[in-house]
Amino acid sequence: MFEKNKKKKTAKPLTKDRLEKAAFLYLERYASSAENLRRVLMRRVDKSARLHGTDPVQGAVWADNLIERLLKSGILDDSVYAAGRANSMHRRGVSGRAITMKLSAKGVDTEVIEAALDGLAETIPGDPDMQAAINYAKRRRLGVFRKSDRPDYRERDLASLGRQGFSYDIAKKIVDAEDAQMLLDEEGL
């Protein structure tokens, strides 16, 4: 039923067409910044160089030219990527500080990140960090959203919100609020 001597499948040597195909397959599956796509493609270039002895410099040139073409065509746009990721992370309850760190790790420029956070602040009434903290607290059932034993978990809930990048004032407001509905009404949610 199973073949014992089945050969392990190895990657084929990298060509310009294979690199382009890999880039499009990656972009079909994931949103990406230009720098992140460059890192992904360079991992392929390096793997091909190790396994097949292909020229890594030529592969880097192919990757750079491909990314330049994708940027010019609009398929790859760091500002659109940053705005989309910032909105998505905000809805999940990620602080502005954590959004900045995650986008920086993906190779997005600081100015683009700031513009995405400014755009987020314009579309959301009130304090975006407070709303993100409320979203996080709801999802994790922290503070005012905890069902029982709130005083026993006060310090733990404050620490959890702090680890997510929220300020002490925001965390304290959520943990020490008397009623969830009053907190939501106060924030306009």
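Is Tyr136 buried or exposed at 4% relative accessibility? Tyr136 counts as buried at that value; buried means under 20% relative accessible area, exposed over 50%, and partly exposed in between (1.4 Å probe, protein chains only).

This is a predicted model, in which local features need pLDDT of at least 70 and side-chain atom pairs count only at pLDDT 80 or more, while totals for chains, interfaces and linings use all residues. Residues are numbered from 1 along each chain as its sequence is written, and side-chain values use heavy atoms, with hydrogens and water left out.

**View 1. Two aromatic pairs.** The structure holds 2 aromatic pairs. Rings of Phe, Tyr and Trp (its six-membered ring) pair if their centres lie within 6.5 Å; planes under 30 degrees apart count as stacked, over 60 as edge-to-face and the rest as tilted. The ring centres of Tyr26 and Tyr30 are 4.9 Å apart, with planes at 40°, so this pair is tilted. Tyr30 is partly exposed, at 39% relative accessibility. Tyr136 and Phe166 also form a tilted pair, because their planes stand at 40°, with centres 6.5 Å apart. Tyr136 lies in helix 7 and Phe166 in the loop between helix 8 (154–163) and helix 9, so the pair ties together parts 30 residues apart in sequence. Helices (H or I, at least four residues) and strands (E, at least two) are DSSP runs, numbered from the N terminus. Phe166 is buried, with a relative accessible area of 4%.

View 2. Just after helix 10, Gly188 takes a positive phi of about 80°.

**View 3. Glu187 close up.** Glu187 counts as buried, at 15% relative accessibility. Leaving aside neighbours within four places in sequence, Glu187 is in contact (heavy atoms within 4.5 Å) with Met130, Gln131, Ile134 and Lys173.
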